[in-house]
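Hello,

Here is the structure I promised to pass on to you. Please have a look at it first, and then read on for what turned up.

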Amino acid sequence: MTLIIHPEVANLKDQLSQLIFQYDNLISHVGPEIERQYVLKFGRYEYKLYELELKIDKLRRKLQLIQIEINHENPIDLDKIEKILQEEFEEYEKQVHDQIDEIKFLEENTPEKLSESDTKKLKKLYRMLIKKLHPDLNPNQTFFELNLFYRAVYCFEHGDLNGLESVAAILPENAGEETSQIDDLKRLVKEYEDKIMELKKKYPFNKRELLEDEDSGMKYKDMLLELIEDRKKDIETLENEINDLI
């Protein structure tokens, strides 16, 4: 017997499945690609600036420690001071090295991309599987169907078209036939609309303009370069102050 689904339920399910797909696509593909481009274009300058600011903090602390010794009329033990600095700034320096490693990794590892036609297949197939398997659209699904859904999500995140096709191939024929209450569907539609709106306000989506607007991107890069030069001058001033003391 064919199950007749209320038109509003069908419409809401279609709307919800599109929103779920949009959210998952932003998380799995759009966001990571924006972040990759952003880090490659601006990351080296941002991390260089952070590295210089860390060095400034370290020099200021060194100046403070030397001044304490002078105030107490103690001999200046630079080895002891360097050891203190190393302990205090160890975690911050590790963060800088991790950031530089990330840039190098992105520069050396360009992810393989599906062809345009395969990308369309991947997205079309995933939208279909969302309708059939997503727990929000199918609250009474079996454990087997739930595992298929998790497998489909994994394949979509990793651009695995063959894996997604294998999920579709073993999809139970009656999957997705359970209808949800209209009020529940409306609530979920609203929740996903809000989630997508909030997601687009956060990093890396809020950096999109810097990548797409050449003028904004150039201004931001020039600002970073100017700040880097300013920090270098600050470092030189601090180093001269330390040398004067010792």
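**Aromatic rings and burial**

F149 is buried, at a relative accessible area of 9%; buried means under 20% relative accessible area, exposed over 50%, and partly exposed in between (1.4 Å probe, protein chains only). Before going further, a word on the basis: this is a predicted model, in which local features need pLDDT of at least 70 and side-chain atom pairs count only at pLDDT 80 or more, while totals for chains, interfaces and linings use all residues. Residues are numbered from 1 along each chain as its sequence is written, and side-chain values use heavy atoms, with hydrogens and water left out.

Now to the ring pairs. Rings of Phe, Tyr and Trp (its six-membered ring) pair if their centres lie within 6.5 Å; planes under 30 degrees apart count as stacked, over 60 as edge-to-face and the rest as tilted. By this rule there are nine aromatic pairs. One of them joins Y23 and Y192: the ring centres are 6.0 Å apart and the planes stand at 80°, so this pair is edge-to-face. The two partners come from distant parts of the chain, 169 residues apart, with Y23 in helix 1 (residues 7-71) and Y192 in helix 6 (residues 182-199). Helices here are DSSP runs (H or I, at least four residues), numbered from the N terminus. Y23 is buried at 19% relative accessibility, and Y192 is buried at 7%.

F149 pairs with Y150 in a tilted arrangement, 5.7 Å centre to centre with 50° between the planes. Y150 counts as partly exposed, at 49% relative accessibility. You will also find Y38, F42, Y203 and Y220 linked into a cluster by ring pairs.

**Two contacts across the sequence**

L211 sits in helix 7 (residues 208-212) and is buried at 17%. N162 belongs to helix 5 (residues 161-169) and is exposed at 59%.

**A charged patch**

Which residues gather in a patch of negative charge on the surface? They are D222, E226, D230 and D234. Such a patch is made of residues with over 30% relative accessible area and no salt bridge, like charges being joined within 9 Å; a salt bridge is a side-chain nitrogen of Lys or Arg within 4 Å of a carboxyl oxygen of Asp or Glu. E226 lies in helix 8 (residues 214-245) and is exposed at 53%.

Best wishes

Key
Patches are made of residues with over 30% relative accessible area and no salt bridge: like charges are joined within 9 Å, nonpolar side chains (Val, Leu, Ile, Met, Phe, Trp, Tyr) within 5 Å. Accessible areas come from the Shrake-Rupley method with a 1.4 Å probe; for residues, only the protein chains shown count as cover. Lys and Arg count as positive and Asp and Glu as negative; His and the chain ends are not counted. The place of a charge is taken as NZ of Lys, CZ of Arg, CG of Asp or CD of Glu. Helices (H or I, at least four residues) and strands (E, at least two) are DSSP runs, numbered from the N terminus.
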